[in-house]
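Thank you all for coming.

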Amino acid sequence: MFNNLWLDYEKSECKTDAERKVAEALQVISLVNISEEHPITGSILEELKLALGTIFGKEPEIQNVAANKGHLLLKMIEDVPFPNMEGKEVAPLGEEGYYIYGNDAGFGVQASGYKGLLYGVFAFLAHLRQGKCTQEFCIVKRPSNPLRMLNHWDNMDGSIERGYS
């Protein structure tokens with residue numbers, strides 16, 4: 001049987017007000033300074049449609065302008081400042097770094113490169129699946145290793161090997 005590991009999305013029942021608020025905010029995805037023709041953008045949008053459609057039972061609407069409230073903002077940026085980081089010193093993200101946040105307007109994933117945007121979207125989805133996406137949070141990540149690899153495979157004898165380098 002095929003297993004999607006951490007990408008195994010399940011439908012959410014949205015029992016609490018906070019869960020319903022999150023579900024409502026993720027009905028619209030706003031793209032800012034992002035080319036829809038870029039191959040990584042296609043992968044990002046496919047995964048978001050699959051994940052959010054499965055979790056909340058409705059595929060999100062994609063638009064090329066930022067909504068005022070209640071959306072997931074995907075934005076390509078050139079430098080700081082970031083929302084929720086006023087008064088904090090923040091170094092540049094680099095090509096693979098990303099910034100994810102939640103506030104009253106919704107949620108956001110921002111990066112200065114397409115790789116960072118892809119990593120940020122997967123990090124956002126992981127936080128969403130773990131129930132960590134509250135209305136007030138922010139995470140800034142800058143991968144320090146230029147080459148990373150995750151291995152996961154089943155051996156013929158039934159044992160499982162995992163590795164990270």
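Let me begin with helix 1, whose buried residues are V22, A23 and A25; buried means under 20% relative accessible area, exposed means over 50%, and partly exposed lies in between, with a 1.4 Å probe and protein chains only. Looking down the axis of helix 1, these buried residues fall within an arc of 165 degrees, so they line one face of the helix, the arc being that of the directions from the helix axis to the C-beta atoms. An α-helix has 3.6 residues a turn, so residues three or four places apart point the same way. On the other side of helix 1, D17 and E24 are exposed. The cover over the buried residues of helix 1 includes strand 1, helix 2, strand 3, strand 5 and helix 3, where contact means heavy atoms within 4.5 Å.

Before I go further, a word on the model: it is predicted, local features need pLDDT of at least 70, side-chain atom pairs count only at pLDDT 80 or more, and totals for chains, interfaces and linings use all residues. Residues are numbered from 1 along each chain as its sequence is written, and side-chain values use heavy atoms, with hydrogens and water left out.

Now the chain as a whole. It has three helices and eight strands, and, read along the sequence, they follow the pattern α-β-α-β-β-β-β-α-β-β-β; helices (H or I, at least four residues) and strands (E, at least two) are DSSP runs, numbered from the N terminus. Of the 165 residues of the chain, 38% count as buried. Among contacts between residues at least 6 apart in sequence, 67% join residues at least 24 apart.

Which residues touch the most other members of the largest nonpolar core? They are L74 and F124, in a core of 34 residues, a nonpolar core being a set of buried Ala, Val, Leu, Ile, Met, Phe, Trp, Tyr and Cys residues joined through side-chain atoms within 4.5 Å. At least two residues of this core come from each of helix 1, strand 1 (28–32), helix 2, strand 3 (71–76), strand 4 (98–103), strand 5 (106–111), helix 3 and strand 6 (137–141). If we leave out residues up to four places away in sequence, F124 touches L26, L72, I100, F107, V109, C133 and F137.

S30 lies in strand 1 and counts as buried, at 0% relative accessibility; its C-alpha atom is separated by 8.1 Å from that of K75, 45 residues apart along the chain. Y98, in strand 4, counts as buried at 11% relative accessibility, and, leaving aside neighbours within four places in sequence, Y98 is in contact with residues including L93, Q110, Y119, A123 and I139.

For contrast, let us turn to a loop residue. S35 sits in the loop between strand 1 and helix 2 and is partly exposed, with a relative accessible area of 30%.

Finally, the second largest pocket, which has a volume of about 330 Å³. On a 1 Å grid over the protein atoms alone, a pocket is an open set of points where a 1.4 Å probe fits, with protein on both sides within 12 Å along at least five of seven lines, and lining residues have an atom within 4 Å of a point. The volume is the space filled by probe spheres set on the points, which are joined across faces, edges and corners. Of the 14 residues that line this pocket, the closest to its centre are S12, E19, V22, L128 and G131. The largest share of the lining, three residues, comes from helix 1. G131 is found in the loop between helix 3 and strand 6 and is exposed, with a relative accessible area of 60%. G131 and E19 are 112 residues apart in sequence, yet 8.6 Å apart in space, C-alpha to C-alpha.
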